[in-house]
Amino acid sequence: MGYRIGVDVGGSFTDFAVLDERAGKLTTLKVFSRPDAPGEEIIAALDTLRVRDDIDPAEVSYFTHGTTVGVNTVIQRNGHDIALFTTRNFEDVLQIARLKIPEIHNLYSVRPEPLISRDRVFGISERMLATGEVLTPPSEADVGQAVAAALEAGCKGVVISFLHSYRNPENEAAVKAMIERMAPGLPVVSSAETWPIIREYERTITAVISGYVQPRVAHYLDRFETVLRDKGVACPLLITKTNGGVMGIDQARAECVQMILSGTASGVIGAGYLAQQSGFDRIMSLDIGGTSADVAVIIDGTAQYGVGELIGDFQIHVPSVSVSSVGQGGGSIARVDALGLLHVGPESAGSTPGPACYGRGGTKPTITDAMAASNLIGHMPLGYGAVTVDHMAARAAIAPLAERLAVSIEAVAGSIIDISVSGMYAEVSALVSRYAIDPREFHLFAFGGAGAMLACFLARDLDMKGVVVPPTPGVVSALGGLIADLKNDFIRTTYCEVNAHAIAALVPMLDGLEQLARSWLKSQGYPDAGEIRLSADMRYLGQSYEIETPLDDAWLCDADAAAIAGAFHREHARLYGHADEKATVQIVNLRLVISGATPKPALNEIEPATAPAEPRFYVEAWFGGRTWRTGVYHRRDLGANHEIHGPAIITQDDTTTVVPPGFDLTVDRFGNLVIIKSEF
């Protein structure tokens, strides 16, 4: 028995959730992130925990860590230059992609520039047949020329993605071995090792994203591990995954794409758990940090999962918690373009130097500065005392924009907030269409350092049921990492019709996947057998894309084609409203997920209110083009059943909740702030 710690490192702040296994007590902490010196935030937090809570690092028995370093690298496009080695004459795979434009109703919309420019894509004379037979093996001379050209171009890593390597990785493995001999220490990512799926572009872009973030992620993880060991933390170190689970740090270094949405997925897991325990069965989570705003759909405590999640301008095709991300975080920078139009993001001030109002050297106006200039935040210290908001610095940062646009500072600040909310609205609207949900039936569950600041504005535009702000919204992602289960995905492309003969032939493949899964869970130090979930990517013959369909392994063992086809028909009808039970059904991929459960803390109820809520003081705050007399409350003063009518500002150590005019707030028995639109 000791301390279980979950950590989430964001673009601006690093959050700690600490569970005392003996007392069952959960405590939290927030410190500044240090992208300029990774690991320093961990040192600062462990030192604070030792002094504040008498926690000896040697007593830490479980340590999980989620980070947004991967997704932020892609969103801000500040990864290292890398090369792509692909099958000769297929060098345009990233440029051609799927020939789709980002905005189908905008004829002037252009596709984003690839993460690897065309001059850094090199063709290799090799060929693998679709059957998995090697037609042409790669040659040392050919690979040597490509390596020399890549190094001359300044590339600091290589991604290998050949045709049909999902069937047989032999050629990719051979080229990887050659590169390691020719350029020792040069990071190499193989698409067959990253995620061996059919479809060339999808497999390639997933491997490219992994390779693009790998140097930055590996450097970060190395520093992270060194710091913890030097501080005396001796337990195995775990990293939260894109699929909502956790894995060992060595796997995270080798498979960076598996943690690309690490911090984001942690937040969704934490939000789902808190919402379910509090009795909110249908929520959309809103996680706003320093760089991005992330939204997910959670029903009955379970997040939606899928492949093809959008990371910045690109999709990854590994199993992921379904999250829509947009570059609208608290540190997103506002600017006026040459045509006099105001834009917000995706460039972020991060934590160094951070928003101008933080007083850490930042001079560019951000969303946080807009909130400060509107007098909506900064009336008490933030970040557990780490930040005292400088309202005048925020106004000074916005002033050049106001002069350029010939309007007041408050008007520009309000427009910055409106633009950021509209960007989130567009992403959420796509999510609503994707899952065919009615936002009026959902609460917006707000967390992250800036989630509670902007949640009511977004919920109002979406006409949602209300907003829920948990007791410690700034550290929900850290809590998610703390409670996430050990979890790993395995996949094999099968490409067979659903009939008894073909299904019987899949049994050895299933056995192999189960053996890999059991071995992986054992390697993570998990003492029990864990839980296995089986599914398949299925479609009607002739369809272009598949539906993931849950399966019972007994159906495969018994070659029960009717049961497997029936499961697909039902899933197709659920999603699209119809099914063709006479059509031939195909299995494209066989999937297996293994998980090992971890302990979960119980939620504590708070004391009921004994008197009406009273603000600490009043301020003049800017809402909707005018100032309003607004009460400022501290969250620790609020008890269960307290009611507050907007406008109001609720301050606490890790965030600020803004309640605009036209909203009412109540506090439930678990200490959640439940905010709904006023009836009158």
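The numbered points below describe a predicted model of one protein chain.

1. Overall make-up. The secondary structure of the chain comprises 18 helices and 35 strands. Its radius of gyration is 26 Å, close to the 26 Å that the globule rule gives for 680 residues, so the chain is as compact as a globular protein of that length. Along the principal axes, the C-alpha atoms fill a box of roughly 75 × 55 × 55 Å. Of the 680 residues, 58% count as buried.

2. An enclosed helix. Helix 14 covers residues 476-483, and eight of its eight residues are buried, so this helix is largely enclosed by the rest of the structure. The buried residues are Val 476, Ser 477, Ala 478, Leu 479, Gly 480, Gly 481, Leu 482 and Ile 483.

3. Salt bridges in general. Side chains of opposite charge can pair when their charged atoms come close. In this model there are 32 salt bridges.

4. Asp 20 and Arg 22. These two residues form a salt bridge, with the closest N and O atoms 3.7 Å apart. Asp 20 has a relative accessibility of 15% and counts as buried, because buried means under 20%. Arg 22, at 47% relative accessibility, counts as partly exposed.

5. Lys 364 and Glu 347. The side chains of Lys 364 and Glu 347 form a salt bridge, at 3.4 Å from N to O. Lys 364 sits in the loop between strand 22 (342-348) and helix 10 (367-373), while Glu 347 belongs to strand 22, so the pair ties together parts that are 17 residues apart in sequence. Both ends have some accessible area: Lys 364 is partly exposed, with a relative accessible area of 44%, and Glu 347 is also partly exposed, at 43%.

6. Asp 537 and Arg 591. A salt bridge joins Asp 537 to Arg 591, and their closest N and O atoms are 2.9 Å apart. Asp 537 is in strand 26 (residues 531-540) and Arg 591 is in strand 28 (residues 585-596); the pair links distant parts of the chain, 54 residues apart. Asp 537 and Arg 591 are both buried.

7. A network. Some salt bridges are joined to one another: Asp 222, Glu 225, Asp 250 and Arg 253 are linked in a network of salt bridges.

8. With a relative accessibility of 58%, Asp 558 counts as exposed, because exposed means over 50%.

9. Asn 78 is found in the loop between helix 2 (69-76) and strand 5 (83-87). Its relative accessible area is 31%, and Asn 78 is therefore partly exposed. Along the chain, Asn 78 and Arg 216 are 138 residues apart, yet 9.4 Å separates their C-alpha atoms.

Methods:
Residues numbered from 1 in each chain as written. Predicted model: local features only at pLDDT ≥ 70, side-chain atom pairs only at ≥ 80, totals over all residues. Heavy atoms only, no water. Buried < 20%, exposed > 50% of the residue type's maximum accessible area, 1.4 Å probe, protein only. Helix = DSSP H or I, 4+ residues; strand = E, 2+ residues; numbered from the N terminus. Rg over C-alpha atoms; globule rule 2.2 N^0.38 Å. Salt bridge = Lys/Arg side-chain N within 4 Å of Asp/Glu carboxyl O.
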